[in-house]
Amino acid sequence: ALVSRPDAGIVHRSALTPTAIAGVAVALLVAVVAWWAMRGGASADPTAAGVSPVSAIVDIGVLVFREGLECVLVVSVIMASMVGSSQPYRRPIVIGIAVAFVATLATWSVAIAVVDSLSANVSALQLQAATGLLAIVVLLVVMNWFFHKLYWTGWISLHNRRKKVLLQDAHAERSSRIRLLIGFGLLGFTSLYREGFEVVLFLQSYRIKLGTRPVSRGVALGLLLTVLVGLLTFTLHKRLPFRRMLVATGVMLGAVLLVMVGEEAQEMQLAHWISTTPLTRLEHVIPQWTGLWFAVFPTAETLLAQLGAGILVAGSYLFVRSRGRRTISSGAPAT
């Protein structure tokens, strides 16, 4: 786009578009992961002994960024109309978000204590299998393909309705200022803590397998990208393509889900929870490094589990999409 100025004629507007910002964020993600791999902190060789934590760092970073992106979106919707006389009520929302962040850290400590106490009575393989199942359930909830429309409409509308009620009470003569401040604080608290609670549960599986350092790096990566998006949204007042970014991270989480399902099926085999049926004909087709990086193993149980997860995600997404089209074609109001 071009703008004209009386003193400078025709000049070009800044090329820093929302799409370019999203591209810079993705490039930053790739650059940080490549730097970690090259400096030797994580093995970049897929045939090396042990599982490289690079893929785990990426998985964790994507999940944390996706949850942070959702939190930024919800908070931006809440604060969009809080201007003028309502602007002072933004402060308790910010305080509630800060308290939720501290509560998330406390929840992380409690989760570590609970999981570590279980390790005294449960074998390592069984504990990994159990926490892996929990991580998959959390990931399915985060992706929310099946309940996509209800999830988004209900969660955002709930915060908006609560905000409107509080703002109406703010103009009422009998309203209590302390009650209003607590209400807005809880509004900010719930917008972040739910996301943080899901992340804490998800990370326990990775912490048991890889330790704290790769998990902290993945969390730092996700938080870095979330802070970048938050600064662009609230400080620089940039309109970001939130829907496209959520779809992109959703697709990436779909790939993470397939990897986790393959890992979980193998851990259940090692813990003797399920049987192991080797597919000898595929042993030469599926190289060993695909198991280290993508959890693709030449066994019937692992491949069937990943196939079932893929069908579940794709089928539920197509179901919601077709249902939305039928609603539009019938002229029924969206819910």
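Trainee: Why is K209 called partly exposed?

Mentor: Its relative accessibility is 25%. Buried means under 20% relative accessible area, exposed over 50%, and partly exposed in between (1.4 Å probe, protein chains only). K209 therefore counts as partly exposed. Keep in mind that this is a predicted model, where local features need pLDDT of at least 70, side-chain atom pairs count only at pLDDT 80 or more, and totals for chains, interfaces and linings use all residues. Residues are numbered from 1 along each chain as its sequence is written, and side-chain values use heavy atoms, with hydrogens and water left out.

Trainee: What makes K209 and E263 a salt bridge?

Mentor: A salt bridge needs a side-chain nitrogen of Lys or Arg within 4 Å of a carboxyl oxygen of Asp or Glu. For K209 and E263 the closest N and O atoms are 3.4 Å apart, so the pair meets that definition.

Trainee: Which residue pairs with E195 in a salt bridge?

Mentor: That is R194, with 3.2 Å from N to O. R66 and E67 meet in a salt bridge too, at 3.3 Å, and both of these residues are buried. Salt bridges that share partners join R66, E67, E70, R194 and E195 into one network. A search of the whole structure finds seven salt bridges.

Trainee: What makes a group of residues a nonpolar core?

Mentor: Its members are buried Ala, Val, Leu, Ile, Met, Phe, Trp, Tyr and Cys residues joined through side-chain atoms within 4.5 Å. The largest one has 26 residues, and those with the most contacts inside it include L139, F202 and M260. Helix α4 gives the most to this core, with six residues.

Trainee: Which residues does M260 touch?

Mentor: A135, I136, L139, F202 and Y206, not counting residues up to four places away in sequence. Contact means heavy atoms within 4.5 Å. There is also a second, separate core of 14 residues, which includes C71, V74, V75 and I93.

Technical notes:
Helices (H or I, at least four residues) and strands (E, at least two) are DSSP runs, numbered from the N terminus.
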